[in-house]
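Hi everyone, thanks for coming. Today I'd like to walk you through one structure, a piece at a time. Please have a look at it first.

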Amino acid sequence: MLNVALANRSYPITIGENLLSEFQHFKLKAGQRVLIATNDTIAPLYLQTLTDMLEKQGVKTDSIVVPDGEQYKTIETWNTILTALLANNHTRNSILIALGGGVIGDVAGFAASAYQRGIKFIQVPTTLLSQVDSSVGGKTAINHPLGKNMIGAFYQPQAVVIDLNCLKTLPQRELSAGLAEVIKYGIILDPEFFNWLEQHIEDLLNLDVNALSYCIYHCCELKAKVVAADETEQDMRAILNLGHTYGHAIEAELGYGNWLHGEAVSVGMLMAAHTAKLLGQLTQADIDRIKNLLIRAKLPVNRPAQMPIESYLPHMLRDKKVLSGQLRLVVPTKIGHVDVMDGIDKNIVLESIANV
């Protein structure tokens with residue numbers, strides 16, 4: 001078990017097998033009311049297990065099932081969850097449980113932040129990407145056609161419950177997408193972890209329990225430290241966005257869901273690496289190591305052919321990190337360290353995109 005240290009808003013992250021059947025991890029009491037928000041992919045797999053466990057312990061349970069996919073991370077889905085809370089007469093004492101991947105976690109968390117000005121919620125992430133990244137740290141949001149995650153709130157859960165068994169039903173493409181965020185942690189914070197990934201990436205793809213347990217714990221540990229130091233991304237937390245400014249441009253331009261978030265981040269991290277090389281900050285040898293690991297993780301390493309290079313900048317200039325019209329990019333200076341740089345020449349950015 002880990003703890004995200006945020007004073008009176010601190011919360012535990014529990015990682016293990018069969019946790020959906022173990023009540024003690026959820027910080028709930030008999031007599032409480034919950035609404036489980038999930039999607040139509042996860043509901044047939046895990047909703048009944050979680051519902052039965054909670055009701056057996058005296059928790060009164062409702063559920064809402066929404067469509068699955070990044071293209072449904074919208075104000076309409078957010079409103080559907082709020083409507084379910086209202087229609088079932090949930091109060092300020094109710095708890096919202098997000099059962100699913102990053103989309104469900106983000107939308108349900110944002111709904112929890114807004115319902116009656118804020119109710120408690122619990123993250124139960126079911127994808128590798130959400131387990132290592134999006135379920136931890138309290139970033140909640142919905143997408144807008146003009147930009148990803150541009151409408152939302154910083155709102156922390158009361159617990160994160162990570163059941164490794166959920167990964168057994170995860171499609172290969174989704175598993176690889178999660179590995180992009182895993183690899184990101186090695187690049188930005190931990191060269192030894194990057195070395196470990198070079199030795200164990202196939203173990204993760206094969207769902208080796210020991211490798212997964214170590215990997216997820218370590219990623220959550222790294223993120224928890226960053227969040228505790230900079231909860232609302234005023235400074236250090238921005239490093240967690242390596243590759244995301246480029247990647248969000250791909251997602252928005254091609255239509256949310258056509259490229260998975262992790263796939264876009266994979267290509268975005270290589271674009272950031274080429275930016276660093278053009279700035280004299282990163283060697284070709286480091287770029288090659290990053291690219292080779294992404295390839296072994298079965299992730300894309302080339303930009304989408306149908307997306308013109310000039311189409312990136314309008315999206316990138318709407319990024320949340322932009323200040324006074326200036327791009328701010330997370331740039332790796334070596335494996336294990338990044339800097340956040342302002343005012344990078346747009347021609348360097350465009351050349352970096354062209355190189356991937």
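At what angle do helix H5 and helix H7 pack? Before I answer, please keep in mind that this is a predicted model. Now, find H5 at residues 172-189 and H7 at residues 209-229. The angle between them is about 50 degrees, and their axes lie 10 Å apart. That angle makes H5 oblique to H7. As for handedness, the crossing of H5 past H7 is left-handed.

Which residues meet there? From H5 we have Val182, Tyr185 and Leu189, and in H7 they meet Cys215, Cys219, Leu222, Lys223 and Val226. Sorted by class, this contact of H5 with H7 has seven nonpolar residues, one charged residue and no polar ones.

Let's move on to a second pair of helices. H9 covers residues 261-278, and H12 covers residues 346-354. These two pack at about 125 degrees, with 8 Å between their axes. Here too the word is oblique, for H9 relative to H12. The crossing of H9 past H12 is right-handed. On the H9 side, look for Met271, His274, Thr275 and Leu278; they meet Ile348, Glu351, Ser352 and Ile353 in H12. The classes in the contact of H9 with H12 are four nonpolar, three polar and one charged.

Next, the nonpolar cores. How many residues does the largest nonpolar core have? It has 78, and the ones with the most contacts inside it are Leu128, Ile183, Leu204, Met316 and Val349. The largest share of this core comes from H7, which supplies ten residues. There is also a second, separate core of 23 residues, with Leu19, Val59, Ala159 and Cys166 among them.

Let's zoom in on leucine 128. If we skip its neighbours within four places in sequence, leucine 128 is in contact with Leu167, Leu170, Leu175, Gly178, Leu179, Leu212 and Ile216.

My last stop is glutamine 123, which sits in strand S6, residues 120-125. Is glutamine 123 buried or exposed? Its relative accessibility is 4%, and buried means under 20%, so glutamine 123 counts as buried. What does glutamine 123 touch? Not counting residues up to four places away in sequence, the list is Ala98, Gly105, Ser134, Ser135, Pro157, Ala159, Val160 and Val161.

Technical notes. Residues numbered from 1 in each chain as written. Predicted model: local features only at pLDDT ≥ 70, side-chain atom pairs only at ≥ 80, totals over all residues. Heavy atoms only, no water. Axes fitted to C-alpha atoms, helices over the stretch in contact; angles between N-to-C directions. Helix = DSSP H or I, 4+ residues; strand = E, 2+ residues; numbered from the N terminus. Parallel < 35°, antiparallel > 145°, perpendicular 65-115°, else oblique. Left-handed = near helix turned anticlockwise from the far one by under 90°. Contact = heavy atoms within 4.5 Å. Nonpolar A, V, L, I, M, F, W, Y, C, P; charged D, E, K, R; others polar. Core = buried A, V, L, I, M, F, W, Y, C linked by side-chain atoms within 4.5 Å. Buried < 20%, exposed > 50% of the residue type's maximum accessible area, 1.4 Å probe, protein only.
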